[in-house]
Amino acid sequence: MAAQNASNFEDLLPVMAEKLGGEGLIGELCNGFQLLMDGDTGVITFESLKRNSALLGLQDLTDDDLRNMVREGDLDGDGALNQMEFCVLMFRLSPQLMEQSELLLEEALLREFRFCS
């Protein structure tokens, strides 16, 4: 569900990636993580996401949307998002960045294959 609502937003990650470069984009994602995380635990919980979501323009998401967002990104099953899980989720919610990432991976694999041949 979070992905459905997230798709209603303009996908700005590709624009940010183009303007900031890879390291700059990761830096901005880390800043976003810092804004959303719980200061005591160092992870994003449903409660910290709900409390801080308006800072990133997510105030219109319902509690279910926010819970689903945490659930969708929670790769280790601890009920919260660490910084890596948050960054992975942001990339997954950006279809254009995912396409670009797949193309770059494919190009790198083809170069590697040619190098090994």
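1. A contact here means heavy atoms within 4.5 Å. On that basis, in this predicted model, 45% of the contacts between residues at least 6 apart in sequence join residues at least 24 apart.

2. The secondary structure comprises 6 helices and 0 strands, and the order along the sequence reads α-α-α-α-α-α.

3. Of the 117 residues in the protein, 34% are buried. The exposed surface comes to about 7,700 Å², of which carbon and sulfur atoms supply 56%.

4. Helix α4 (residues 63-73) packs against helix α5 (residues 83-92) at an angle of about 105 degrees, the axes being 9 Å apart. Helix α4 is therefore roughly perpendicular to α5, because angles of 65 to 115 degrees count as such.

5. Which residues of α4 meet α5? Met69, Glu72 and Gly73 do so, and their counterparts in α5 are Glu85, Leu89 and Arg92. Sorted by class, this contact of α4 with α5 has 2 nonpolar, 1 polar and 3 charged residues.

6. Seen from cysteine 87, the closest cysteine sulfur is that of cysteine 30, at 4.9 Å. The count is accordingly 0 disulfides.

7. As to the setting of these cysteines, cysteine 30 is buried, with a relative accessible area of 19%. Cysteine 87 is also buried, at 8%. Both values fall under the 20% cut-off for buried residues.

Terms used
Residues are numbered from 1 along each chain as its sequence is written. This is a predicted model: local features need pLDDT of at least 70, side-chain atom pairs count only at pLDDT 80 or more; totals for chains, interfaces and linings use all residues. Side-chain values use heavy atoms; hydrogens and water are left out. A disulfide is a pair of cysteine sulfur atoms within 2.5 Å. Buried means under 20% relative accessible area, exposed over 50%, partly exposed in between (1.4 Å probe, protein chains only). Axes are lines fitted to C-alpha atoms, for helices over the stretch in contact, and angles run from 0 to 180 degrees between N-to-C directions. Helices (H or I, at least four residues) and strands (E, at least two) are DSSP runs, numbered from the N terminus. Angles under 35 degrees count as roughly parallel, over 145 as roughly antiparallel, 65 to 115 as roughly perpendicular and the rest as oblique. Ala, Val, Leu, Ile, Met, Phe, Trp, Tyr, Cys and Pro count as nonpolar, Asp, Glu, Lys and Arg as charged, and the others, Gly among them, as polar. Accessible areas come from the Shrake-Rupley method with a 1.4 Å probe; for residues, only the protein chains shown count as cover.
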